[in-house]
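Open your viewer, find the selection tool, and follow along stop by stop. At each one you will read what to select and what is there.

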Amino acid sequence: MSEAYQPARILNQGSTQEKAEGARLSNFVGAIALSDLISTTLGPKGMDKILQSPSNLLDSTITNDGATILSSIQISNPAAKILIEISKVQDDEIGDGTTSVVVLAGELLKESEKLIHKRIHPQTIIKGFRLAKDIALKKLKEIAQDHSENEEDLKKYLKKIAMTIFSTKILTPYKSIFADLAVDSILRLKGSTNLESIQILKKTGGLLKESYIEEGFVLDKKLGVGQPKRIENAKILVANTSMDYDKIKIFGSRVVVNSSSKLAEIEEEEKKKMIRKCQKIVDHGINVFINRQLIYNLPEQFFTDHGVVSIEHADFAGIERLSLVTGGEIVSTFDHPELVTLGTAKLIEEIMIGEDKLIRFSGCKEPSACTIILRGSSKQILDEAERSLHDGLAVLSQMVKNPKTVLGAGCTEIIMAQAIEEAAKETSGKIQIAMEAFARALTRIPTIIANNAGYDAEQLVSELKTSHYKGNNTFGLDVTNGKVCDVQELGIIESFLVKKGMLLKASEATEMILRVDHIMYSAPRQRGMN
Amino acid sequence: MLRYDSSGKPFIIIRDQDQKERLTGSEARKANILAAMTVANLMKTSIGPLGMDKILVDQDGEVTATNDGATILKNMQVENPIAKLLVELSQGQDDEIGDGTTSVVVLAGALLEESLSLLEKGIHPSKISEGYEKACDIAVKHLLKICDKIEFDKENYGSLVKAAKTSLGSKIVNQYTEKIAKISVEAVLAVADLERKDVRFDLIKLEGKTGGTLGDTELIDGIIIPKNFSHPQMPKQIKNAKIAILTCPFEPPKPKTGHKLDIDSVKKYKELLEIEQNYFKEMTDLVKKSGATLVLCQWGFDDEANHLLLQKKLPAVRWVSGTDIELIAIATGARIVPRFSELTEKKLGKAGMVTEKSLGTTDENMIVIEKCSNTKTVTILVKGGNKMVVEEGKRSIHDALCVTRNLIKDNRIVYGGGAAEISCSVAVNKASKEITGIEQYSIRAFSQALLSVPIALASNSGLNSLEAVSEIQLKQIEKESPFLGIDCISMGTNNMKEQYVFDTLRGKIQEFLLATQMAKMILKIDDIIRPTGQY
């Protein structure tokens with residue numbers, strides 16, 4: 001009798017659910033914990049984190065990059081997962097600002113938690129946040145400067161942006177060198193956003209500042225044995241074909257013989273087949289042959305005999321870059337030499353970097369791909385430098401498309417916050433409180449930057465606010481000297497896209513989390529069973 | 001449950017009876033009703049423009065955040081048989097109408113809740129069922145009476161956009177309703193045949209992409225496939241493309257029947273070599289001869305074939321998915337060709353422009369096929385800041401597409417914001433007074449249950465729900481206007497006609513019918529048998 005009145009179990013065994021306040025609490029706690037974790041890496045004086053991989057304890061990464069940190073920590077909280085996701089998207093789309101987007105979302109959630117305690121309905125908060133976001137975006141568009149007119153100007157700004165990005169990373173001491181490297185290589189792309197064509201080669205040994213951009217293209221491979229180490233006026237055939245043993249593939253055929261003499265005959269025939277292929281390749285009138293796949297001894301010897309230099313096992317990205325650089329097409333059949341476009345290079349030579357031998361192609365037709373050689377004292381440093389450089393390159397490549405800039409160092413956040421506060425005064429009702437909260441969350445970003453730098457953050461930020469009220473709209477934080485000053489003079493400039501992405505993604509994610517009032521967890525999938 | 005034969009030995013009626021639990025009669029009914037109510041209560045908070053979302057964490061820890069009733073129920077992993085029925089119910093509404101998947105569950109829950117007190121009065125479940133049946137009839141007839149018609153044509157589709165906006169109002173996309181509603185309606189109109197009142201949904205493709213915000217969602221006149229050209233040096237843009245669609249691989253042939261081909265002599269080796277060398281040439285020659293300028297293939301390419309295609313200036317795309325292939329075939333008028341030898345010029349499709357576009361900083365590209373010759377095909381590219389938002393955006397747009405389609409099929413509407421439900425409730429209540437007998441009770445209960453949706457709507461909007469609903473009820477009776485509803489977003493008027501909040505008549509009728517049917521079905525159950533220990 002009593003059973004009928006017991007709460008009915010609806011879900012599968014092992015499934016759990018959290019309702020209303022509980023769900024909200026669990027979301028807030030998860031998201032805020034995540035943003036707190038990462039907030040210490042924000043700004044030029046932010047700290048790094050060591051990430052240890054669970055499978056191999058010796059394999060550790062030291063990084064300051066938000067997206068890298070977040071993608072390596074394992075999290076089960078759904079709200080935290082949403083934040084990780086926005087950081088990843090920001091990384092894919094723009095490349096930088098991966099930390100700020102999570103920190104802003106975290107701060108927004110912290111503020112909303114307070115509002116919910118004041119008995120303001122989440123939907124009202126969302127409404128206020130939306131309004132605030134629109135105002136902030138409008139302001140951001142207003143203050144953004146467009147540099148598309150003047151090319152010289154653009155280059156200057158690109159460098160400043162690169163320096164701003166690198167100043168928060170391991171590259172800080174040499175930011176000028178790296179900014180030049182990055183700007184130089186981006187301008188070579190001529191507006192393409194495909195970062196694949198910029199190769200970053202990491203070679204341990206030397207110092208970070210000894211990194212340089214290689215005029216031309218460097219391939220981390222060796223030339224064939226006994227072949228010349230220097231080729232001038234190279235005609236290059238870039239290929240993707242099997243040069244090991246070229247078996248007959250149709251009808252799943254196989255070799256079955258009943259005597260070793262027959263086997264020898266077939267082997268001989270196979271060899272002939274390979275030689276014929278090599279001959280066809282040589283008939284293209286080339287002196288360099290580069291293959292994606294392996295080249296066995298027999299063909300290699302043939303090439304050497306015919307004065308063709310062969311390079312084997314260039315990986316796929318390498319091949320694509322090579323074909324870009326030399327202007328040759330990637331070839332897999334060799335029957336029509338007249339139809340094939342060959343690649344050219346003025347000079348191919350073997351060079352040494354540190355202890356490694358590499359092949360350098362210079363004087364190429366199309367210098368749109370290039371190589372940046374990174375030097376550094378340890379693998380970890382090199383990895384981190386590569387990540388930082390990648391962030392910079394990504395932002396710059398987007399910048400070339402949309403060359404708008406805003407001021408960094410907390411200046412933009414304060415401007416946006418004040419625009420929201422201004423508008424909040426004219427909005428009546430509970431929405432006003434939510435808007436003010438949004439403004440507060442934005443101001444938290446300079447506060448965290450100052451905090452991380454070890455200054456009296458509240459003091460500094462309030463000074464910053466006052467100077468903005470007084471009309472000094474270009475003021476921001478100078479974290480090296482711990483005071484408020486004109487950012488324009490400091491030259492701390494950021495990409496408009498990064499800030500826009502941060503604002504929009506953080507508010508979208510916040511809204512998504514705020515809308516939730518119920519979380520249902522399925523029972524984890526049983527492992528070890530069929 | 002034991003029965004004894006004449007000599008006093010027990011019969012065993014149910015196998016392993018001691019291992020099974022059993023509920024019978026009113027207990028069973030109550031347990032069922034409670035289970036249904038639990039599900040309905042869960043869904044209540046999602047109703048309306050200010051309804052909340054749910055996060056669902058699946059078996060592998062993947063997160064889905066959604067407001068869509070059908071999606072929530074589908075991913076909830078319910079175990080209880082009654083709850084499962086409700087999942088089916090929501091699914092049924094989703095398949096048929098595409099919208100109102102939450103309301104239908106809430107209404108069914110309310111009908112059962114009302115029946116609980118009737119059962120306690122000692123009214124037989126089948127009597128309740130009969131009453132509900134009659135009441136539902138009255139309500140549907142009333143809906144037909146109060147429904148309105150909206151007018152639109154290919155150019156003036158403002159009214160359709162407004163209907164789509166109602167459907168989108170409760171989802172996360174509501175920040176950009178205006179834009180997304182317009183996109184949805186335009187997409188439907190692009191493929192709709194207004195004369196036959198038919199919409200081919202398979203011609204609308206929903207493609208999601210993270211990056212940007214939901215506001216960057218766009219309508220593309222053509223088809224998008226998330227692929228690259230097979231060789232990096234193929235041209236990135238093809239004008240006036242003649243498309244060959246192949247479902248055979250550019251690979252060495254491997255007959256499916258089990259076989260062995262042994263090479264045991266040099267002669268055989270040479271023969272095979274020759275066959276092989278000609279094989280790819282033949283394939284590409286056949287394609288070239290047909291006059292194609294673009295090859296789309298469902299399967300992969302061998303390196304050599306790939307290069308031959310490049311050499312013959314035949315841009316190609318490999319590993320195109322089956323559904324995309326079909327869509328492209330419809331859009332461009334191409335025939336899907338399963339063998340190279342069957343390729344002729346007649347079987348090629350035509351498209352004005354094919355381009356490969358890159359996105360963001362990652363190496364992801366997509367190929368856009370525009371200006372297709374045959375049928376209009378459109379793609380809605382949904383953007384969003386994270387993949388959960390994109391997924392939810394896709395679901396919401398699907399709902400809006402359904403609403404628009406339903407309106408094209410049948411342009412009658414009823415007013416939303418709970419107006420239709422309240423009006424029906426009043427009508428049913430009035431009708432109950434003219435019916436004598438026990439059924440009167442259950443008809444009145446039906447009229448109460450109808451109010452559950454407006455009540456949930458009002459309470460989600462932060463109003464004093466019972467008060468707000470009774471106020472509207474009064475106003476409706478006084479003014480005899482069936483379009484007064486709950487003012488959810490504080491627009492300052494209860495007139496849903498002015499707020500342009502409406503639902504499709506078809507959807508509403510379906511909702512009533514399905515919910516009633518479900519309630520009747522659950523009431524009919526009087527015995528639950530289940531193994532113990534599992535529950």
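Start by selecting B:Thr377, which counts as buried because its relative accessibility is 2%; buried means under 20% relative accessible area, exposed means over 50%, and partly exposed is in between (1.4 Å probe, protein chains only). This is a predicted model, in which local features need pLDDT of at least 70, side-chain atom pairs count only at pLDDT 80 or more, and totals for chains, interfaces and linings use all residues. Residues are numbered from 1 along each chain as its sequence is written, chains are lettered from A and ligands numbered from 1 in the order in which they are written, and side-chain values use heavy atoms, with hydrogens and water left out.

Where does B:Thr377 sit? Look at the loop between strand E18 (365–372) and strand E19 (378–384) of chain B. Helices (H or I, at least four residues) and strands (E, at least two) are DSSP runs, numbered from the N terminus. Now show what surrounds B:Thr377: leaving aside neighbours within four places in sequence, B:Thr377 is in contact with B:Leu203, B:Ile220, B:Asp221, B:Gly222, B:Ile223, B:Leu327 and B:Ala331. Contact means heavy atoms within 4.5 Å.

Zoom out to the whole of chain B. Here you can find 17 helices and 22 strands, and the C-alpha trace spans about 95 × 75 × 40 Å along its principal axes. Of the 535 residues in chain B, 56% are buried. Among the contacts in chain B with a separation of 6 or more, 73% are between residues 24 or more positions apart.

Next, pick out strands E6, E20 and E21 of chain B. They form an open sheet in the order E6-E20-E21, with antiparallel pairing; two strands pair if DSSP finds at least two bridges between them. Strand E6 (148–149) and strand E21 (502–504) stand at the edges with a single partner strand each, so one side of each has no neighbour in the sheet. E6(B) pairs with strand E20 (residues 412–415) over 2 bridges, and B:Lys149 stands opposite B:Arg412 there.

Time to bring in chain A.

To see one, select B:Lys387 and A:Glu85, whose side chains meet at 3.2 Å, N to O.

Strand E9 (residues 254–255) of chain A pairs in the parallel sense with strand E13 (residues 262–263) of chain B over 2 bridges, and A:Val255 stands opposite B:Ile263.

For the last stop, select A:Ile433 in helix H13 (residues 430–452) of chain A. With a relative accessible area of 28%, A:Ile433 is partly exposed. Leaving aside neighbours within four places in sequence, A:Ile433 is in contact with A:Leu115, A:Lys118 and A:Ile120. Finally, pick A:Phe129: A:Ile433 and A:Phe129 are 304 residues apart in sequence and 9.7 Å apart in space, C-alpha to C-alpha.

Key. Salt bridge = Lys/Arg side-chain N within 4 Å of Asp/Glu carboxyl O.
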